[in-house]
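Good morning, colleagues. Please look at the sequence and the structure as I put them on the screen, and I shall then go through the main features.

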Amino acid sequence: MTKEDSNKIPTKRDAERVILDKEKLEKLVNRAKEVIESDKTEVPPFWVNKYKKEAAKNWDLFYKRNTTKFFKDRHWTDREFEELQPDQSGNQKYLLEIGCGVGNFVFPALAENSSLFIYACDFSKRAIDMVKSNEQYDESRCKAFVCDLTQDLLTDQMEPNSLDLVSALFVFSAIPPEKMEFAIKNIYNVLKPGGRVLFRDYGLYDEAQVKFSKASDKRLGDNLYVRQDGTMSYFFSTEDVKSRFEAAGFSTVDCQYIYRETTNRQKEMRIDRIFTQAKFEKKNCDGL
């Protein structure tokens with residue numbers, strides 16, 4: 001859910017990764033560290049608990065205000081994750097997208113891969129209603145449902161050990177860190193042995209984190225911040241995300257930082273973005 005990208009326009013290299021030389025990368029990281037480490041002001045505990053408790057409500061209000069117009073369709077996913085590309089054998093794959101929003105991944109993925117069936121969930125009922133009302137929604141290829149991944153069992157909606165893939169694109173950043181363990185084990189239980197999680201989210205020292213730190217009134221905890229509308233954003237290091245998934249029984253196939261450049265439309269300035277991207281594979285059939 002890349003809310004920070006809404007006022008950006010692509011550069012010529014925006015569709016691809018940007019390779020940063022060592023000197024530029026060190027400069028970027030050191031600048032970010034200085035700003036982030038100087039931000040010692042935390043939101044009072046009452047408000048921290050309130051934001052965490054009302055996460056679903058705040059995202060529901062977000063979709064009420066913005067409907068389907070905020071996020072752009074994600075046409076880059078099969079470039080970054082070859083698992084999403086059509087299987088030459090024609091065998092059907094079953095995928096769950098968590099935090100599906102209004103379908104910006106779901107509908108492009110279905111259009112580009114005819115052998116894909118997608119389960120799509122979000123804890124915003126309003127978002128799920130918008131997915132179901134989309135003219136492209138076809139129950140023979142997609143099932144959308146409301147689910148709070150941090151407390152609702154996915155096995156109530158699908159069979160254990162039944163999915164080939166789970167896409168987790170900019171969704172774990174909206175989950176409080178202490179609730180991530182349950183969410184990760186929840187998706188572990190519905191993946192087949194050998195099934196994979198395709199992960200992409202905000203990376204540590206991303207420009208959005210620097211912006212939050214400069215505001216000095218957005219910090220809820222280590223690498224966790226709140227936006228003006230009450231929705232939250234967490235920033236992952238590669239070590240952080242690896243340790244969380246491996247603790248739940250996954251093996252790490254790939255985990256790295258992705259660098260991109262965007263241009264702020266209003267300020268006409270270049271923005272350096274850092275995302276954490278990974279693939280995790282289920283090793284066995286053990287459950288919770």
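Which residues does Leu96 touch, not counting residues up to four places away in sequence? Leu96 touches Tyr119, Ala120, Cys121, Phe145, Leu154, Met158, Leu163, Leu165, Val166, Ser167 and Val190, where contact means heavy atoms within 4.5 Å.

A word on the source. This is a predicted model, in which local features need pLDDT of at least 70 and side-chain atom pairs count only at pLDDT 80 or more, while totals for chains, interfaces and linings use all residues. Residues are numbered from 1 along each chain as its sequence is written, and side-chain values use heavy atoms, with hydrogens and water left out.

Let me turn to the overall picture. The protein has 9 helices and 11 strands; these are DSSP runs numbered from the N terminus, helices being H or I with at least four residues and strands E with at least two. Of its 288 residues, 53% are buried; buried means under 20% relative accessible area, exposed over 50%, and partly exposed in between, with a 1.4 Å probe and protein chains only. Among contacts between residues at least 6 apart in sequence, 75% join residues at least 24 apart.

Next, the interior. In soluble globular proteins, nonpolar side chains tend to be buried together. The largest nonpolar core here has 41 residues, and Leu96, Ile98, Phe172 and Phe245 have the most contacts inside it. Such a core is a set of buried Ala, Val, Leu, Ile, Met, Phe, Trp, Tyr and Cys residues joined through side-chain atoms within 4.5 Å. Helix α7, residues 180-190, gives the most to this core, with 6 residues. There is also a second, separate core of 38 residues, which includes Cys100, Ala120, Cys142 and Phe212.

I come now to the charged pairs. The structure holds 16 salt bridges, each being a side-chain nitrogen of Lys or Arg within 4 Å of a carboxyl oxygen of Asp or Glu. Glu82, Glu83, Arg196, Lys279 and Glu281 are linked in a network of them. In the pair of Glu82 and Lys279, the closest N and O atoms are 2.9 Å apart. Glu82 is in the loop between α4 and β2, and Lys279 is in strand β11, 197 residues apart. Is each of these two buried or partly exposed? Glu82 is partly exposed, at 45% relative accessibility, whereas Lys279 is buried, at 8%.

Glu83 forms a salt bridge with Arg196 at 2.8 Å, N to O. Because Glu83 lies in the loop between α4 and β2 and Arg196 in strand β6, this pair ties together parts that are 113 residues apart in sequence. Glu83 is itself buried, with a relative accessible area of 9%. A salt bridge also joins Glu83 to Lys279, with the closest N and O atoms 3.2 Å apart.

Val253, in strand β10, touches three members of that network, Arg196, Lys279 and Glu281, as well as Phe280, not counting residues up to four places away in sequence. Val253 is partly exposed, with a relative accessible area of 38%.

Three strands form an open antiparallel sheet in the order β7-β8-β9, two strands being paired if DSSP finds at least two bridges between them. β7 and β9 stand at the edges, each with a single partner strand, so one side of each is left without a neighbour in the sheet. β8 and β9 pair over 3 bridges, and Val226 stands opposite Met232 in β9.
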